[in-house]
Amino acid sequence: MDETEFWEIIDASREDAEGDPEEQADLLVERLTRLDPDSVLDYARHFEARYNRAYLWDLWGAAAVLFDGAGDETFDSFRCWLIGQGREVYEGAVHDPDALAELLDDFDVEIDGDGEEIGFAADEAYERLTGAETPDLGIPMPGGEPLGAPFDLEDDSVLAARFPRLWERFGAA
């Protein structure tokens, strides 16, 4: 599976789910179980590489604006959800997290941003196909700290200054 095929699977599942991340996760599992186990592992490698690439301070700050605060688990789930939004949104956000202000049509904290199940779709599909857990993908985990310059994720003035467009649209009132 190449990168284009990976994004096609993500896009088709998102469109069919009409933006519902839980439904998207179910559709991903369904679609992945139609593939052979090696293709599922290829998908998982693509997903994991993008998940790790999104381990950035600035992206965490953008999540903090969207959620009015974001701890470790929220940020992990957000990165899965972000991948589920497709290549354009993902690449735009990784390159410039403040661009999420334009890339997102809307953001509902009750529905959006929770992509934990999207992150486990390949594992579930692989287990259904083989009866075994997903093996080590050979992709190194990111270091202890996100890439970039750290800043206070709980300081509204810092968040508003770093992400002016995102803050204007989604920031705390």
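**Exercise 1.** Determine in which helix Asn-52 lies and whether Asn-52 is buried or exposed.

*Solution.* Asn-52 belongs to helix 3, residues 37–53; helices (H or I, at least four residues) are DSSP runs numbered from the N terminus. The structure is a predicted model, in which local features need pLDDT of at least 70, side-chain atom pairs count only at pLDDT 80 or more, and totals for chains, interfaces and linings use all residues. Residues are numbered from 1 along each chain as its sequence is written, and side-chain values use heavy atoms, with hydrogens and water left out. The relative accessible area of Asn-52 is 11%, so Asn-52 is buried (under 20% relative accessible area; exposed is over 50%, partly exposed in between; 1.4 Å probe, protein chains only).

**Exercise 2.** Identify which backbone oxygen the side chain of Asn-52 reaches.

*Solution.* The side chain of Asn-52 reaches the backbone oxygen of Pro-140, at 3.1 Å. Beyond its neighbours within four places in sequence, Asn-52 is in contact (heavy atoms within 4.5 Å) with Arg-79, Ile-139, Pro-140, Met-141 and Pro-142.

**Exercise 3.** Locate the rings over which Arg-79 sits.

*Solution.* Arg-79 lies over the face of Tyr-51, 3.8 Å from the ring centre. The charged end of Arg-79 also sits over the ring of Phe-75, at 4.9 Å from its centre (criterion: NZ of Lys or CZ of Arg within 6 Å of the ring centre and within 35 degrees of the ring normal).

Key
Helix = DSSP H or I, 4+ residues; strand = E, 2+ residues; numbered from the N terminus. Polar contact = N/O pair within 3.5 Å; in protein donor to acceptor, adjacent residues only side chain to side chain.
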